[in-house]
Amino acid sequence: MTSQLPSPTSTTQPGSPGDDLGHTFEMRFTSTPRGARLARRLAAHRLDTWGLPYGTGPHEEIVLVLGELTANAVQHGHVPGRDFHLLLHVSAPTRTVRIEITDTRTERTPPEPEALPAPGSEDTGGRGLLLVAALATRWGWHLRPDGPGKTVWAECVCATPT
């Protein structure tokens with residue numbers, strides 16, 4: 001028996017004059033650890049296809065940031081029966097990769113980027129967003145304008161062309 005993966009909602013940005021001719025990948029995933037792993041693996045493959053090859057520093061950093069954000073969506077944004085949404089966009093002219101993870105939980109929001117608390121030496125968690133802050137060029141979050149939940153986003157600027 002073979003299983004078929006759902007097709008992505010969009011894989012490339014429309015190419016009309018004035019567009020940045022980047023690439024976009026977006027898909028919904030189950031709000032489970034398995035869904036977070038699948039999101040990370042599909043995004044890693046997509047980045048490789050778009051010219052950020054496996055094993056390079058930018059690829060590994062982006063996948064690590066994406067992995068932290070998807071894990072946070074599953075751990076802190078999980079609502080039973082609701083998925084999380086991944087949007088990955090690469091802007092070719094600016095060499096910027098934008099990751100957006102949207103969940104449906106409104107009441108559990110991350111701290112503002114400038115107010116990240118440092119975990120204590122005995123704490124077993126609380127380092128994920130510090131890692132995101134260290135690796136991403138910038139990051140933040142906002143409430144969803146069209147429904148319950150929030151979007152946590154991060155942008156990474158790559159030194160190599162995409």
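Leaving aside its neighbours within four places in sequence, which residues is Ser31 in contact with? Please set the answer among the strands and helices around it.

Reply: First, the ground rules. This is a predicted model, where local features need pLDDT of at least 70, side-chain atom pairs count only at pLDDT 80 or more, and totals for chains, interfaces and linings use all residues. Residues are numbered from 1 along each chain as its sequence is written, and side-chain values use heavy atoms, with hydrogens and water left out.

pLDDT is the predictor's confidence in each residue, from 0 to 100. Its mean over the chain is 86, and 84% of the residues reach 70 or more. Residues 1-18 stay under 50. Where pLDDT is low, the predicted coordinates should not be read in detail.

Now to Ser31. Beyond four places in sequence, Ser31 is in contact with Ala73, Val74, His78, Arg82, Asp83 and Phe84. Contact means heavy atoms within 4.5 Å. Ser31 lies in the loop between β1 and α1. Helices (H or I, at least four residues) and strands (E, at least two) are DSSP runs, numbered from the N terminus. Ser31 is buried, with a relative accessible area of 7%. Buried means under 20% relative accessible area, exposed over 50%, and partly exposed in between (1.4 Å probe, protein chains only).

Take the helix next. Helix α2 covers residues 57-76. Its buried residues include Ala73 and Val74, and both of these are in contact with Ser31.

Axes are lines fitted to C-alpha atoms, for helices over the stretch in contact, and angles run from 0 to 180 degrees between N-to-C directions.

Those strands belong to an open sheet of five, in the order β1-β2-β3-β5-β4, with antiparallel pairing. Two strands pair if DSSP finds at least two bridges between them. β1 (23-30) and β4 (138-143) stand at the edges, each with a single partner strand, so one side of each has no neighbour in the sheet. On average, neighbouring strands are turned by 15° against each other, direction ignored.

Walk across the sheet from β1. Eight bridges join β1 to β2, antiparallel. Here Glu26 has Leu87 in β2 as its bridge partner. Next, β2 and β3 pair in the antiparallel sense over seven bridges. β2 and β3 form a hairpin with four residues between them, and Arg95 in the turn has a positive phi of about 55°.

β3 is mostly covered: eight of its eight residues are buried. In a regular strand the side chains alternate between the two faces of the sheet. On one side of β3 are Thr96, Arg98, Glu100 and Thr102, and on the other Val97, Ile99, Ile101 and Asp103, all buried. Eight bridges then join β3 to β5, again antiparallel. Asp103 stands opposite Lys150 in β5.

How values were computed:
Expected span 1.5 Å × (residues − 1).
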